[in-house]
Amino acid sequence: MRYATFSLPNDASERLGVARGDTVIDVHALLSAKADGALPRTLPELIREGRDGWTRLARLLNLALAGDPPGSVVHRADAVHWHAPIRHPHKNIVCLGLNYISHAKESAQARGREFKIPEAPVFFTKAPTSVNGPNDPIPWDPSITAQLDYETELGVVIGTPGKNILRARALDHVFGYTVINDISARELQKTHLQWFKGKSLDGSCPMGPVIVTADEFGDPQSKKLALRVNGVEKQNSTTANMIFPVDVIIESLSRGMTLEAGDIIATGTPEGVGLGRTPPEFLADGDLVETEVEGIGVLRNRVIKLRT
């Protein structure tokens, strides 16, 4: 399934949708008269229901979509407001730094540091208030940062809670996958001697456009990633190049620390970020950033300078 969160032009309430081609289907409206029992109204509600709930909803949807769903529940993709699939995460987004050798190398060179391959996953977080929609503007305040940068990443959404998860079972805990752009204020990272502040500005985590369930997505280590600025390709790689693959990330992160349903993990970015270019290339007012992961979709976010 390809689950989405959306709202209508005349109704801002959050809706659970299923994306099909160039349409999105209102799940609750489609199934409310057919379901035996309550239906989740939002994607976080569905994720918290656990595997039995996911299976039940998928079965109902497959039955309902086998025919022609009524037109009242089907909306054109360009006629709705697409939100981040999880608009208000209950915890910080956990991120991986330096998880591609090529990016670790370009980062070290840009900062004049010795290049070393990390021996363990490098974790940091982004604040929940950084989450942004897949087509919404990226706010830029030049008084706060002059070095706004981009990073295409595969996002992992935990479905089954767990602690001390073994690598062999790690992917069983995944609900699905999404696209994340880890927008970064580079000089804030340097000023504060850690990454949290520079990674957590409002609107600095575009996410979506959907969460593709793990059963449909397949192997998370075989997907292409790309990012374009104003149509010019800046990043192009594959998740096969991760230093620490998704199962290792989950195993390491869960040691002594409980992962909960709805937790989001951004798995790192490959080479090609603005900081690593010669000379550096940072985002500017009006730039259109397209962030893509194979099998999921594309984020299209325009940088908008805040007027004071």
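Which residues are linked in a network of salt bridges? I looked this up first. I found Lys126, Asp149, Glu151, Asp182, Arg186 and Lys199 linked in it.

Notes on the source. The model is predicted, so I took local features at pLDDT of at least 70 and side-chain atom pairs at pLDDT 80 or more, while totals for chains, interfaces and linings use all residues. Residues are numbered from 1 along each chain, and side-chain values use heavy atoms, without hydrogens and water.

Entry: salt bridges. My search of the whole structure gave 19. I looked at glutamate 151 and arginine 186, which meet at 2.8 Å, N to O. They sit 35 residues apart, glutamate 151 in the loop between β10 and β11, arginine 186 in helix α4. I took helices (H or I, at least four residues) and strands (E, at least two) as DSSP runs, numbered from the N terminus. Both residues are buried. My cut-offs, with a 1.4 Å probe and protein chains only, were buried under 20% relative accessible area, exposed over 50%, partly exposed in between.

Next I checked glutamate 292 and arginine 228, a salt bridge at 3.2 Å, N to O. The pair links strand β18 to strand β15, 64 residues apart. Glutamate 292 is partly exposed at 28%; arginine 228 is buried at 19%.

Entry: the sheet. I traced five strands in an open, mixed sheet, in the order β9-β19-β18-β15-β16. The edge strands are β9 and β16. I called two strands paired if DSSP found at least two bridges between them.

Conventions
A salt bridge is a side-chain nitrogen of Lys or Arg within 4 Å of a carboxyl oxygen of Asp or Glu.
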